[in-house]
Amino acid sequence: MGEQAPRKRPTIEDVARESGVSRGTVSRVLNGGHWVSPEARSAVEAAIKKTGYRINPHARNLATARANSIAFLLTESHERLFEDPNFSALMRSAAAALAEHDLPLVLLMAGSDAEQRRATEFIMGGHVDGALLVSSHRGREGFLADLVAAEVPIVACGVPLGYERRVGYVAADDLEGARDLVAYLRDHGRRRIATITGPSDTSGGTQRLEAYRLELGDEYDERLVVEGDYSRASGERGMRELLRRGVEFDAVFAANDAMAAGALDVLREAGLRVPEDVAVAGFDDAPIATRVEPALTTMRQPFDRIAREMVRLLLDVIDGQPAARMTMPTELVVRESA
């Protein structure tokens, strides 16, 4: 009889196959169990016993080193990334803040289910040390539950609806800022103020609408409310719908500058003068605010400071400190549109 071939040493791939999880999950269990659910940890530990896998100390030392990079996790479509200048402003300021710590910023798009799955696998694979979450939407944040359960360091831009107590965030004061803007319109003689809201599944959309309702009080009229999605096209659609309804109004508060710019386009087409017939105001003080005619009265968000505070808080979380939450004041910028 010939000699029997030596038995092949079990590998991480064997453990992953036996446990039904990814290789990255097995690696995380071997290196302390960070960012792994209790169920996955139990499955991996059982597979290790069954396969007889033994840890390679050299590989373990390599795996426990930090990735030394941070993810910019944007839960929007590729089109919105290029259409909305707020995202590029946040990304640019975050990259500059991280550069001071010699850390690169990695852009991860998570607008679709497939993109969210890939982004989650990338983050939980240990390729970054944490994530800056931008533009989260209620009802589309299943991936966030996985990251939070795995204790991945995350800081959000804006209040992450449904995760307010579990994820740190830096947000502009949407409620007070929008109230101040509507109050400004009223103080300047506008009595029938319409609004084009932001998406109802975002914190900015819900809080700016709530501010509008609170400031108008008994004068609130739901016929003067239309919903947008923060795009210029939705501002156009919203203004056309307001005109179609035939309800009198003398001012429009759009929940961001892009929608306000779309509203201006439609008012011009309809032969209405701004601000003589209808005053228009936006929110953000994005570059488009000064590129339209007339220039927009708006509420400025401190994007540079927001991004830098997000980076600071995230690095604190990575170093083991509890997640913090911050709200930044906004600033009224008066121009020709109102």
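I began with the contact between two helices, where Asp-14, Val-15, Glu-18 and Ser-19 in H1 meet Ala-43, Val-44, Ala-47, Ile-48, Lys-50 and Thr-51 in H3. I sorted the residues of this contact of H1 with H3 and noted five nonpolar, two polar and three charged. I keep in mind that this is a predicted model.

Next I looked up how these helices are placed: H1 (residues 12–19) and H3 (residues 38–51) pack at an angle of about 120°, and their axes are 8 Å apart. H1 and H3 are therefore oblique to each other, and H1 passes H3 in a right-handed crossing.

I then turned to H7 (residues 113–127) and H8 (residues 142–149), whose axes come within 10 Å and cross at roughly 10°. Because angles under 35 degrees count as roughly parallel, H7 is roughly parallel to H8. In this contact, Gln-116, Thr-120, Ile-123 and Met-124 in H7 meet Phe-143, Asp-146 and Leu-147 in H8, and these residues divide into four nonpolar, two polar and one charged.

Which strands stand at its edges? Four strands form this open sheet in the order E7-E6-E8-E9, with parallel pairing. E7 (225–227) and E9 (279–281) are the edge strands, each with a single partner strand, so one side of each is left without a neighbour in the sheet. I followed E6 (residues 193–197), which pairs with E7 in the parallel sense over three bridges, and I found that Glu-227 in E7 is the bridge partner of Thr-197. Finally, I noted that helix H12 (residues 257–269) lies across E6, E8 (251–254) and E9, running at about 160° to E9.

Methods
Residues numbered from 1 in each chain as written. Predicted model: local features only at pLDDT ≥ 70, side-chain atom pairs only at ≥ 80, totals over all residues. Heavy atoms only, no water. Axes fitted to C-alpha atoms, helices over the stretch in contact; angles between N-to-C directions. Parallel < 35°, antiparallel > 145°, perpendicular 65-115°, else oblique. Contact = heavy atoms within 4.5 Å. Nonpolar A, V, L, I, M, F, W, Y, C, P; charged D, E, K, R; others polar. Left-handed = near helix turned anticlockwise from the far one by under 90°. Pairing = 2+ DSSP bridges.
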